[in-house]
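Reader: I have the model open. Can you take me through a few local details?

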Amino acid sequence: MTLLLKPITRLSLFQTHFQINNNNNPRARATSVSCSWSHGAHKIVREFDPKIPIEKAITPPSSWYTDPSFYAFELDRVFYRGWQAVGYTEQIQEPRDFFSGRLGNVEFVVCRDDNGKIAAFHNVCRHHASLLVSGSGKTSCFTCPYHGWTYGLNGELRKATRISGIEDFSINDFGLVPIKVATWGPFVLLNMDNEILQKDNIDTDNVASEWLGSSSELFSLNGVDTTLTYVCRREYIIECNWKVFCDNYLDGGYHVPFAHKGLASGLSLDSYTTSIFEKVSIQSAEGGSKEKENDRLGSKAFYAFIYPNFMINRYGPWMDTNLAIPLGQRKCLDDKAFIERSLADSEKVQMEDIRLCEGVQKGIESPAYSTGRYAPNVEKAMHHFHCLLYDNLIN
């Protein structure tokens, strides 16, 4: 897609499908350069008031979705704090498996060593900052393609080439910079907070509590943490702010009968409900009439949003996920994983949503729009999302 000349946030949306079967701290770096723009960003944040009840509330202003200063501010306050979903355990199922990715300015690599231990590091050589790997695969070590410095899967520097004559250098001081990693169910999570980095052990129960709060049991009951088979993944570059994509997901099915007629025919929209938890909102709906057999949707659809940008869609024997990654002020990436029989239907809904979100972004940039209103009975999850953002951004 063509980049527009206006300041933009790239949304990178990843979708994935499953089937039942110090200075090294990015937050510190971001904070150190934030002084010049944080005051302006704070002023924009305060244009939304989370204390106003949804019946009287106005939405965040368009500047939340268009102002260039907001992107770096969000990375620091939203994405470099707390647990972030970045991948799936089946991507590192076997020893020596690895996958890499990017979140904001952070390039990361996640791997499983020969002893089965999962680790994560900044995917940056300590010599002259070259990226070490791209994509995913299998390797016994990470060798820099620039000058050949080699690191073990535990992050230790094994070999630094042609450094004879160097002084005040210890190979033990130049290992890869670690990132805290944990897993929950089929998901791999990273946490870039410096305080978390100092902890030697990560308790799975604590991770579940921090990430899912009191909703974790519902995920288990709806088969989200069971054994799942990772099938495939696709990326969609979308010309919209990442929050536009999340807003679309969180409108309580409001847009479904108008924009997704095929999907709507398989759901009983009158049964649509929304439940709000600490950092999670769950939307659910019963399947359509039994006369309309829909083996993709099954008897119930379960749509979970985990703040700030991860979406889990559970229906029938299938599950797929969306991970909305900001790439700038007006672009995002949707990382989505697919399963064969549900692929065509999911792809259709995906493209319908992309058209909606790109249209909304253009409308937000129009001088005709500044703020909107909520439909109180259906857009509770969207309002909750905006309130969580406000809390992160203002503190």
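**Local details, chat notes**

Reader: What does Glu352 touch, leaving out residues up to four places away in sequence?
Author: Ala259 and His260, with that exclusion applied. Contact here means heavy atoms within 4.5 Å.

Reader: What should I know about the source?
Author: This is a predicted model, with residues numbered from 1 along each chain as its sequence is written. Local features need pLDDT of at least 70 and side-chain atom pairs pLDDT 80 or more, while totals for chains, interfaces and linings use all residues, and side-chain values use heavy atoms, without hydrogens or water.

Reader: Back to Glu352. Buried or exposed?
Author: Glu352 counts as buried, at 11% relative accessibility. Buried is under 20% relative accessible area, exposed over 50%, and partly exposed in between (1.4 Å probe, protein chains only).

Reader: Where is Glu352, and which side chain does its own side chain make a polar contact with?
Author: Glu352 is in helix α11, residues 340-364. Its side chain makes a polar contact with the side chain of Lys348, at 2.7 Å. Helices (H or I, at least four residues) and strands (E, at least two) are DSSP runs numbered from the N terminus. A polar contact is an N or O pair within 3.5 Å; within protein, one atom must be able to donate a hydrogen and the other to accept it, and sequence neighbours count only if both atoms are side-chain atoms.

Reader: What caps its N-terminal end?
Author: Asn241 does, with a side-chain oxygen 2.9 Å from the backbone nitrogen of Lys243.

Reader: And α6, which residues are buried there?
Author: In α6 (204-212), they are Val207, Ala208, Trp211 and Leu212. These residues cover an arc of only 100° around the axis, which puts them on the same side of α6. The arc is taken from the directions from the helix axis to the C-beta atoms. After α6 comes Gly213, with a positive phi near 60°.

Reader: How do α4 and α12 pack?
Author: α4 (68-79) and α12 (380-394) pack at an angle of about 90°, with axes 9 Å apart. That makes α4 roughly perpendicular to α12, a label for angles of 65 to 115 degrees. The contact involves residues including Phe70, Phe73 and Arg77 of α4 and Leu389 and Leu393 of α12. Axes are lines fitted to C-alpha atoms over the stretch in contact, with angles from 0 to 180 degrees between N-to-C directions.

Reader: Now strands. What is the order of the open sheet with β8 in it?
Author: β7-β8-β9, with antiparallel pairing. β7 (142-143) and β9 (157-159) are the edges, each with a single partner strand, so one side of each has no neighbour in the sheet. Two bridges join β8 (150-151) to β9, and Thr150 has Lys159 as its bridge partner. Pairing requires at least two DSSP bridges between the strands.

Reader: Where is Pro308?
Author: In the loop between β15 (300-306) and β16 (310-315).

Key: Parallel < 35°, antiparallel > 145°, perpendicular 65-115°, else oblique.
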